[in-house]
Amino acid sequence: MKLLIINGSPRKKGLISQLLRIFHEQAIASGIEVTEVYANDLQIKPCMGCMTCRSKRHCVLPEDDAQRVLTLIQQADAIVIGAPCYWGNIPGQLKLLFDRIVYGMMRDTPRFPEPLMQGKKAVFISTCTTPFPFNILMNQSHGAIRALREIGRFSGWKIVDTIERGGTATHPQLSPRDISKCHKAFRKLCATTI
């Protein structure tokens, strides 16, 4: 099994990074090949919205880290994506990545988009400062998860679990419950993949 972890947080020691580290450590302990990508370390030019990639099946912009990550996604059996909530959505650099590789994740057809990533499993994680349950009711962490679900759904990924954590301003450290949720999600990911 190959696991790809995509960290959408600019904070390499923040809560998203800590939650993703649990998946990384569990994968290593289980003998799973794991690759981790930090969205903020990627050099990616913005999408021009030309739509040429939809028919040509490749981006017209010069190759950059977007194509490298697309290859990693294509090679992975499972994907874990962590993203803090920015204005009820995922951070811009992570969104930019997915904007640039849409042609490799789904194909336009006359009726409905055709998913190109069938069979891949996914877990999505989001955090925000808005306390529980308002992080969900006010579509904060829930909004970021919604955006990731959209990407996953159109790509054909099977979403096996999501983790939402609010209240990071007052409780910035990992709790035993957070750790337990990550272990449970990892087990579900492996149970449906291996």
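Predicted model: local features only at pLDDT ≥ 70, side-chain atom pairs only at ≥ 80, totals over all residues.

Tutor: On a 1 Å grid over the protein atoms alone, a pocket is an open set of points with protein on both sides within 12 Å along at least five of seven lines, whereas a cavity is a set of points where a 1.4 Å probe fits but cannot get out; lining residues have an atom within 4 Å of a point. Grid points are joined across faces, edges and corners, and a volume is the space filled by probe spheres set on the points.

Student: Why is Thr168 called buried?

Tutor: Buried means under 20% relative accessible area, exposed over 50%, and partly exposed in between (1.4 Å probe, protein chains only). Thr168 has 16% relative accessibility, so it counts as buried.

Student: What is Thr168 in contact with, leaving aside neighbours within four places in sequence?

Tutor: Contact means heavy atoms within 4.5 Å. On that basis Thr168 is in contact with Leu15, Thr127, Cys128 and Thr129. Leu15 is 153 residues away along the chain, yet the two C-alpha atoms are separated by 7.9 Å.

Student: What makes Met51 and Arg57 partly exposed?

Tutor: Met51 has a relative accessible area of 47%, so it is partly exposed. Arg57, at 28%, therefore counts as partly exposed too. Most residues other than glycine have a negative phi, and most peptide bonds are trans. Met51 has a positive phi of about 70°, and phi of Arg57 is near 70°.

Student: Which peptide bond is cis?

Tutor: The bond from Phe132 to Pro133 is cis, with omega near 5°.

Student: Where is Asp65, and what does its side chain reach?

Tutor: Asp65 is in helix α3; helices (H or I, at least four residues) and strands (E, at least two) are DSSP runs, numbered from the N terminus. The side chain of Asp65 reaches the backbone nitrogen of Gln43 at 2.7 Å.

Student: Which residues touch the most other members of the largest nonpolar core?

Tutor: A nonpolar core is a set of buried Ala, Val, Leu, Ile, Met, Phe, Trp, Tyr and Cys residues joined through side-chain atoms within 4.5 Å. The largest core has 39 residues, of which Ile6, Ile73, Ile81, Leu94, Phe98 and Trp157 touch the most other members. Another core, of 22 residues, lies apart from it and includes Leu20, Ile32, Ile125 and Cys182.

Student: Which residues of α4 are buried, and what do they pack against?

Tutor: In α4, Leu94, Leu96, Leu97, Phe98 and Arg100 are buried. The buried residues of α4 pack against β1, α3, β3, α5 and α7.

Student: How many residues line the largest pocket?

Tutor: The largest pocket, with a volume of about 480 Å³, is lined by 27 residues, and Arg54, Lys95, Phe98, Asp99 and Val102 lie nearest its centre. Helix α7 gives the most to this lining, with 6 residues.

Technical notes
Residues numbered from 1 in each chain as written. Heavy atoms only, no water. Polar contact = N/O pair within 3.5 Å; in protein donor to acceptor, adjacent residues only side chain to side chain.
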